[in-house]
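Hi everyone, thanks for coming. Let me put the model up on the screen so that we can walk through it together.

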Amino acid sequence: MTDYCRFAIYYLPPKGSALARFGADWLGWDIEAGTPRPQPGLAEIGPEFSDWTAIPAKYGFHATIKPPFRLAEGMGRAKLEEAFAKLCVLQSAVDVGGLRLARIGRFLALVPERGGGPLLTLAGNFVTGIDAFRAPPTKAEVARRQAAGLSAAQERLLARWGYPYVLEEFRFHMTLTAKLDAEARARAGIAVEKRLPQVSGSFVLGEMALVGERSDSRFEEIHRRSFPA
């Protein structure tokens, strides 16, 4: 059994879907298989493309639902997997419409057309429902988050849930690039738009994945659970 230093709950595109293939090809990392992936058709962008995707590739193509955490003392992986499975049974699928390319700060991501209401509730259920398994962040981790310049609400969320962008501050997004300057973002955006038609259309969040961070700092899928029909 693989030892993981951290765990997280991600939304991953359906196995074998056009969206999953797009994300793995773009980032060069297949989070489902836990293996590198060629980045076909991207050589024309130039050698800097590997710098654009190196950081998000470590995490795989996903939307973070419960941010990465270390296990609390006395909590084991088996108990976490059991709790995750039980929590999935209590959820309902959410239709979030289509995906569109968006700028978030200095990076690019895919975001849903409908990101509020039921989606916020779904994400919040996993943030709160698994929190007993989360070890508190270190002082260094807290300081790093605070250095970004947090609002009072985000400071409260950081103190309570170990991360400032959850619950009412949550924004569903599937990261495509590292932080880029305006010129690089424009070039990356053009490359994404060329490939997006294959994954256009409505999609439904009907499952979640428990993922783990390996010793090489890359994340891979552990278990995926579907919600009741």
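Let's start with a question: is E220 buried or exposed? Before I answer, a word on what you are looking at. This is a predicted model, in which local features need pLDDT of at least 70 and side-chain atom pairs count only at pLDDT 80 or more, while totals for chains, interfaces and linings use all residues. Residues are numbered from 1 along each chain as its sequence is written, and side-chain values use heavy atoms, with hydrogens and water left out.

Now the answer: E220 has a relative accessible area of 11%, so it is buried. Buried means under 20% relative accessible area, exposed means over 50%, and partly exposed is in between, with a 1.4 Å probe and protein chains only. E220 sits in strand β11, residues 219–226. Helices (H or I, at least four residues) and strands (E, at least two) are DSSP runs, numbered from the N terminus. The side chain of E220 makes a polar contact with the side chain of R214, at 3.1 Å. A polar contact is a pair of N or O atoms within 3.5 Å; within protein, one must be able to donate a hydrogen and the other to accept it, and residues adjacent in sequence count only if both atoms are side-chain atoms. Not counting residues up to four places away in sequence, E220 also touches T2, Y4 and I31, among others. Contact here means heavy atoms within 4.5 Å.

Next, the interior. In soluble globular proteins, nonpolar side chains tend to be buried together. The largest nonpolar core here has 57 residues, and those with the most contacts inside it include Y11, I65 and F172. The largest share of this core, five residues, comes from β1. Such a core is a set of buried Ala, Val, Leu, Ile, Met, Phe, Trp, Tyr and Cys residues joined through side-chain atoms within 4.5 Å. Leaving aside neighbours within four places in sequence, Y11 is in contact with residues including I65, F172, L205 and M208.

Please find helix α1, residues 18–27. How many of its residues are buried? Seven of the 10, so α1 is mostly covered. Among the buried ones are L19, F22 and W26. The elements covering them include α2, β7 and α7. Just after α1, G28 takes a positive phi of about 80°.

That brings us to backbone angles. Most residues other than glycine have a negative phi, and most peptide bonds are trans. L167 is not a glycine, yet has a positive phi of about 50°. L167 lies in the loop between α6 and β8 and is partly exposed, at 22% relative accessibility. S217 is not a glycine either, and its phi is positive, about 75°. You will find S217 in the loop between β10 and β11, partly exposed at 30% relative accessibility.

T121 lies in helix α4, residues 118–129, and is partly exposed at 48% relative accessibility.

That's my tour, so over to you for questions.
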